[in-house]
Amino acid sequence: MHNAARTPSARSRSARWIPAVVVPAAVVAAGIVVPSMAANAEVVLPDKTPRQVLELAASSSGASFSGTVEQTSDLGLPDVSSFQGQGGAGDATSDALELLTGSHTAKVFVDGTDKQRVQVVEDLAERDVVRDGDSVWTWDSESKEAAHLTLPDASGTEVPTALPDGTAVPQTPGELASALLSAVEPTTTVTATDNVEVAGRTAYQVVLTPDDPATLVGSATLTVDSETGVPLKVVVAAKGQADPAVSVGFTSVDFSAPSSDVFAFTPPAGADVTEVPAPTGDDARAHHADGQAPEKTVLGSGWSTIVGLAPSATREPAPTGDAADDSSALLDQVLTPVDGGKVLQTSLVSVFVGDDGRVWAGAVDADALEAAVAAQ
């Protein structure tokens, strides 16, 4: 077994670099993510107010289920398919950006609050995040790399939105719904809409519309199972865009408890295993010993929240040599040079990569993001 000091491959180094950080930061930290769903007039359910539907969703924590989740994204990003298959860092970087542009399918298994597994199978390769109590494993069959971390407190700790190596992981509707619920403030108008059927389940729908003129989020639609309260689908629409920006929903779901074997993981023979230091609650607020900026900085609140991540949040230095050339070429295709760094604006989020290596992201336009960063 190798330790955390091992030299990572070019692919894993690039996966830890800027794009892999941008994906979860831009979506989760902004507290957002949701296509329009056709209403089904035949779905008749007891009346609930929008607030009661949100309370039903909030009460679903601890439910057990398994199913297939499909994620689609359309943020207006340029086509990066020309970088696919080149190998090295460019390939891994485009993988990270592809999470924001394509469609992805994952198997999800949940048993209560401390047992989860997300399994992504694409092109004969498999990536897994497996949590059993305080133990979290990740596995990439293509690179044959596994990582393990022990959570300091198994109670109430969620599986990371990215693998310990920095690679972004498709989320479940429940995780995205939690982010949406946290954004329900006086700056949000919540309305009920027609009942629907998702993955063979009857469901309530509510639409969250930000009252914040600065955000790029037009609305977020939350679809909640009428019996269990488990979120079945979450769709985020961007202002001025006809098609949904992000949609995550079940195509099939089973509310029986998964077998305990699903959450048992042992690295296959020959796997390259890394033991990852456990995160602590103070990591986001603590300064480095050398006096540099904190790992994470939060500006604003609600739908216009902007989050900044220090360079060290990538856990690895930027790639070098051919890997750096591949990554730079792809980043140059999607980032625009501005004073102090480079910026990317999608229909839903904007990202600013500073010359100091710090990454800022929020559901605001690029001008607002640059101004907020410049004011620091």
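The model is predicted: local features need pLDDT of at least 70 and side-chain atom pairs pLDDT 80 or more, while totals for chains, interfaces and linings use all residues. Residues are numbered from 1 along each chain as its sequence is written, and side-chain values use heavy atoms, leaving out hydrogens and water.

Asp225 forms a salt bridge with Arg201, at 2.7 Å from N to O (a side-chain nitrogen of Lys or Arg within 4 Å of a carboxyl oxygen of Asp or Glu). This pair links strand β9 (residues 217-225), which holds Asp225, to strand β8 (residues 201-210), which holds Arg201, 24 residues apart. Strands are DSSP runs of E, at least two residues, and helices are runs of H or I, at least four, numbered from the N terminus.

Arg201 also pairs with Glu227, with closest N and O atoms 3.2 Å apart. Glu227 sits in the loop between β9 and β10 (231-238), 26 residues from Arg201. Shared partners join Arg201, Asp225 and Glu227 into one network. At 63% relative accessibility, Glu227 counts as exposed.

## Arg117 and Asp128

The count of salt bridges is 3. One of them joins Arg117 and Asp128, whose closest N and O atoms are 3.1 Å apart. Arg117 lies in strand β3 (residues 115-122) and Asp128 in strand β4 (residues 125-132), 11 residues apart. Both Arg117 and Asp128 are buried.

Technical notes
Buried means under 20% relative accessible area, exposed over 50%, partly exposed in between (1.4 Å probe, protein chains only).
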